[in-house]
Amino acid sequence: MIIFEKLKKENKILFMLVVISLICIITNYNGKIDNYNTTILALNYSYGFTSRGFIGSIFLFLDKLTPFSIMNTWGALRFYQLSTFVFLVIIFIFARMIIKRAQDTELNLVTYILAAIVIMMSTTFAGEYNFGRIDMYMIAIALICTELIMVERFEWLIIPLSAIGVMIHQGYAMMYFNIVLVLLFYKFFTVADRKAKLKYAVIFILSILIAGILFLYLELFSHASNGKEIFDDVAAIAAGLAVDGTYHKTLLQHEILGVDLSEVEHGFHMKNLVEIIVLILFLLPYIVIAIKLFINIWKTAAVTICDKLKYLAVFLGSLTMAPDYLIKVDYGRWVTSTLMYYLVVLLVLILIDDKVREVVIKLVSQIKQANVLCKFLLVYPVLFVPFLDVNIDQITAMIGHVLNRELLGWW
Amino acid sequence: MEKSSRKDKLTFPFILLVTFFCMYAKRSWFKIGDGNISTIVLTYKDGFKASALIGAFYRLVNHILPIDMMSYEPYYFFNKYMCFVYLILAGLLLALIYKRIDETNRGVAIDYMILAIIVFGGMFVTGDTMGSYDMYMMIVALISMMLIFSGKLEWLVCILNIIGVLINPSYVFKIMPLILICWIYRWRVKGQDVYKKYIFVSMVLSALVWLASEASLLRLSQVYDHALELGYKLSANPENYDVVFAARTLREASSILPEWSFHGNNYIDLLVLLLVASPYLLIGRHAFTDLINCVRNQENYKVYRLIQLGAVFILPEFILKIKYGYLVYEVVIYYLLILLFLIVERDELVLGQMRDVRTRVRGKVPASALLLVYPLLLVPFSDVAIMNGLDVIARFFGA
């Protein structure tokens, strides 16, 4: 503890976040990989430029590089352990960058937001449902892009990184790309220098173009033309990567054979509806605070047309998730990405936008003075992690299950 | 009553309700474990026996209700409802404490209240802890503490103590010290002599019941077969019912029959927990040391020393028994409830220390509210393992 006391404040915070992350991992990790996440490793570009083939291709490349085969359960586990470690390192690099830039007045506030991110990421991606889930690679890409925007160096890398994000999973275009786009949009309307404006405009447009083209191709045209011929081989590889020798049938049918999943997933939509309503009810205090924050920012900071546009983009940026919420069923992942969007964007704005910082600090101060019980608001959200996939989290899953059994009978 | 004060009094119970509900709901996808079937093995059918009260109560319910309780489903629901009773009582106790704390002291107390919510809500809500002797002992303890905090009908606590010992003799080590120390404080520091009688009556009666309970176990012989038979009826997976649980029935019914051959992971678990919980241990140690230094030359020095060391009475259980999850939970509950008790009693020395602690922690630990978030990552408590997640580390070290 004496060593802890002698650390600089920034290093103390980083140390605390690392310890919290370790505890989250230890209490959630059980070494199991869901067969969805092992099956994805079987998809790679040796069958053509297919969707979700990027990570599998890296796995295949590593298999060719190593003197021993990793195309087995052991290899899959080690690959995901290493990936998760790298993912967490990226989060902590991001955290360190934020902490170093924060002034004393907002240091505690940014620490709590960073803690929320660390806890959400560590619990969600260490748990069995999402260990190895490709969402963590997409989050890593988004965070790297955010760091580049904040340091204002090598920002052109955002273009290829956006392409990689979509190649990892075309869902990146809706889930985490919005963080990057909103920040680029914000910077465009904030910087005064014409050259800088042009730079952000070019990066924004090219990123959208490349991501958009890749998204459309991978979503509509990329399924293997010789799908029926290679299906059994891919299935065999996928089965070999899972401990129980199974593979995720619907994933392979969709990716290799181009089977439409809407009928299969239809039944889950009712579950999603009930669970999202339950979650909104439980998290209502934070939604109210968020709306109040947005209103205050709009009233205080949105003075010119440019200000209005950029803050509107910030408020509504998560609407890129709307197609996923309407069409797809992995609400646990959509909620994760919505929360990550607002937490990351808010963090960045606190550091780079004086007006937003003032509004946030003032609102937090009002909340603290209103009621001593408000401290509980810091603790309460931890109950709702880890996030899952179709089910949002364990609490909403249980409530949804009971409601359906006793009252609704919808699924 | 002012509007803000009225709103505040409604807000806290609402927070309790929602939080306990969430903590329960989060872990409700389980089957009840087999380890606590021993809680209902013993009854008073062939005379007085230790730890037979819950078994007798279960058979009474079986007799009254038109369903056969001697199978898994009714046993599961019985334990679930008793868990609800525990959570409701914990909520009522915390709401009562919050109501009794002066508004000027709420800022100091809130951190301990939040920790208490987390600790209470993080116990007996999983398959391996629901239905244990400790759950029923805590139900009795919560009622007792409500009477103590409200200062009403405290003579009933003497009877509740007996009931607690009848549930399991380890009640005298785990729960009674908290109750007695509260009374000793009111007797010696507050000068309320009526508590002398309560202390004396409680100690004598509980000691007699404890002796009778331990002695009754000396003449028990056929417990194993009966425990095995019941285990096969009540287990979620009868074909996998572990006979070790039946073998342990007698030892669990006693507070002094040793289980040290099963210690295994306990010590490593404990070391890991001490490491993980080190911030709280250090803060607590500094605070109590400063408090004791303040009262060193005063009349009530011994009372505060007793408060500081009150958890030591659980030590025999740490040596003889293996269910460290319950023991650690009871140590934490002791310190949280005794501190809240002293806040309610408006002990200026303790309040002063708590304000100092808060100032010091805020000065040395950035974003110090994370110290409230941290325990929520560690719960729930388990039974033999202290907490399931930390058990992973113990097993990593080959325990």
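Predicted model: local features only at pLDDT ≥ 70, side-chain atom pairs only at ≥ 80, totals over all residues.
## Where the two chains meet

On one side, 37 residues of chain A take part, and they are in contact with 40 residues of chain B. Between them, the two chains bury about 3,600 Å². Of that area, 81% is on carbon and sulfur atoms. Looking at chain A, the residues that lose the most area to chain B are L373(A), K375(A) and F376(A). Together these three account for 18% of what the chain A side buries.

## Aromatic rings and their neighbours

How many aromatic pairs does a search of the whole structure find? Over all chains, the count is 52. One of them brings together W183(B) and Y195(B), whose ring centres are 6.5 Å apart. The planes of these two rings meet at 35°, so the pair counts as tilted. W183(B) sits in helix 8 of chain B (residues 176–188), while Y195(B) sits in helix 9 of chain B (residues 194–216), and the two are 12 residues apart.

Some rings in chain A have a charged residue over the face. R133(A) lies over the face of Y36(A), 4.8 Å from the ring centre. In a second example, K197(A) lies over the face of F188(A), at 5.2 Å from the ring centre.

## Two helices packed together in chain A

Next, look at helix 16 (residues 305–316) and helix 18 (residues 331–352) of chain A. They pack at an angle of about 145°, and their axes are 10 Å apart. Helix 16 of chain A contributes A313(A), V314(A) and F315(A) to the contact, and helix 18 of chain A contributes Y341(A), Y342(A), V345(A) and L349(A). Sorted by class, this contact has seven nonpolar residues, with no polar and no charged ones.

Helix 18 of chain A also holds W334(A). This tryptophan has a relative accessible area of 4%, so W334(A) counts as buried. Leaving aside residues up to four places away in sequence, W334(A) touches M175(A), M321(A), D324(A), Y325(A), K328(A) and V329(A). W334(A) and L388(A) are 54 residues apart along the chain, and their C-alpha atoms are separated by 10.0 Å.

Helix 19 of chain B is largely enclosed by the rest of the structure, because nine of its nine residues are buried. Those residues are L370(B), L371(B), L372(B), V373(B), Y374(B), P375(B), L376(B), L377(B) and L378(B).

From C-alpha to C-alpha, K228(A) and F4(A) are 60 Å apart in space, and they are 224 residues apart in sequence.

Where in chain A does a cis peptide bond join a valine to P386(A)? The valine is V385(A), and omega for this bond is about 5°. P386(A) is in the loop between helix 20 (376–379) and helix 21 (394–408) of chain A. Chain B has a cis peptide bond from V379(B) to P380(B), with omega near 15°. P380(B) lies in the loop between helix 19 (370–378) and helix 20 (388–396) of chain B.

F154(A) is not a glycine, yet its phi is about 50°. The residue is in the loop between helix 7 (135–151) and helix 8 (158–168) of chain A, and F154(A) counts as partly exposed because its relative accessibility is 49%. A367(B), another residue other than glycine, has a phi near 50°. A367(B) is in the loop between helix 18 (348–364) and helix 19 of chain B, and is buried, with a relative accessible area of 0%.

Terms used: Residues numbered from 1 in each chain as written. Chains lettered and ligands numbered in written order. Heavy atoms only, no water. Axes fitted to C-alpha atoms, helices over the stretch in contact; angles between N-to-C directions. Helix = DSSP H or I, 4+ residues; strand = E, 2+ residues; numbered from the N terminus. Contact = heavy atoms within 4.5 Å. Nonpolar A, V, L, I, M, F, W, Y, C, P; charged D, E, K, R; others polar. Buried < 20%, exposed > 50% of the residue type's maximum accessible area, 1.4 Å probe, protein only. Phe/Tyr/Trp six-rings, centres within 6.5 Å; stacked < 30°, edge-to-face > 60°. Lys NZ or Arg CZ within 6 Å of the ring centre and 35° of its normal. Buried area = accessible area lost by both parts, 1.4 Å probe.
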